[in-house]
Amino acid sequence: KERLASELEQAVEDVEVLRGDLEASEERETALRAQAEGLRADAEGLRSQLSDLGSQMADLGAQSGAMLGQASEQVASLKGQVVRLEEEVTRLKGEQEGAGAET
């Protein structure tokens with residue numbers, strides 16, 4: 001009888017220990033689930049930021065391409081002006097030399 005009572009007492013203690021382990025496991029699971037949700041939210045935020053950055057990079061690429069095109073046009077225009085000015089200087093030198101030869 002005492003042996004049966006002792007075994008029953010031990011079984012009750014074992015059940016209590018297992019119940020505590022189960023509660024601790026459930027708490028860990030809840031904490032891990034919350035952590036996983038936080039990580040998912042962080043990952044989604046990062047994906048959104050990456051998408052925004054990709055769009056911004058594309059916009060910057062388009063803007064820099066447009067600016068490069070404008071700069072190229074300005075360089076070409078300036079080159080044309082330089083050529084015209086050089087021609088004008090040459091013409092004026094020729095007129096000056098011609099006028100000097102006449103005197």
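Helices here are DSSP runs of H or I with at least four residues, and strands are E runs of at least two, numbered from the N terminus. By that rule Glu29 sits in helix α1, and the chain as a whole comes to one helix and zero strands. This is a predicted model, so local features need pLDDT of at least 70 and side-chain atom pairs count only at pLDDT 80 or more, while totals for chains, interfaces and linings use all residues. Residues are numbered from 1 along each chain as its sequence is written, and side-chain values use heavy atoms, with hydrogens and water left out.

**Overall shape**

- Helix α1 covers residues 2–102, and Arg3 is part of that helix.
- Along its principal axes, the C-alpha trace spans about 150 × 20 × 10 Å.

**Surface**

- Of the 103 residues, 0% count as buried; buried means under 20% relative accessible area, exposed over 50%, and partly exposed in between, using a 1.4 Å probe and protein chains only.
- The chain exposes about 9300 Å², with carbon and sulfur atoms supplying 58% of it. Those areas come from the Shrake-Rupley method with a 1.4 Å probe, and for residues only the protein chains shown count as cover.

**Charges**

- There are 11 positive and 23 negative side chains, counting Lys and Arg as positive and Asp and Glu as negative, with His and the chain ends not counted.
- The centres of the two sets lie 3 Å apart, taking each charge at NZ of Lys, CZ of Arg, CG of Asp or CD of Glu.

**Salt bridges**

- The count comes to seven salt bridges, each being a side-chain nitrogen of Lys or Arg within 4 Å of a carboxyl oxygen of Asp or Glu.
- Glu7 pairs with Arg3, the closest N and O atoms being 3.3 Å apart. Both lie in helix α1, four residues apart, about one turn of the helix. Arg3 is exposed because its relative accessible area is 65%, whereas Glu7 counts as partly exposed at 42%.
- Arg33 and Glu29 also form a salt bridge, at 2.7 Å from N to O. They too are four residues apart in helix α1, about one turn. Arg33, at 55% relative accessible area, is exposed, and Glu29, at 38%, is partly exposed.
- The Glu29 and Arg33 side chains also make a polar contact at 2.7 Å. That term means a pair of N or O atoms within 3.5 Å; within protein, one must be able to donate a hydrogen and the other to accept it, and residues adjacent in sequence count only if both atoms are side-chain atoms.
- Glu95 and Arg91 have their closest N and O atoms 2.2 Å apart in a salt bridge. Again the two residues lie in helix α1, four residues apart, about one turn. Glu95 is partly exposed at 44% relative accessible area, and Arg91 is partly exposed at 41%.
- Which residues are linked with Arg91 in a network of salt bridges? Glu88 and Glu95 are the ones that join Arg91 there.
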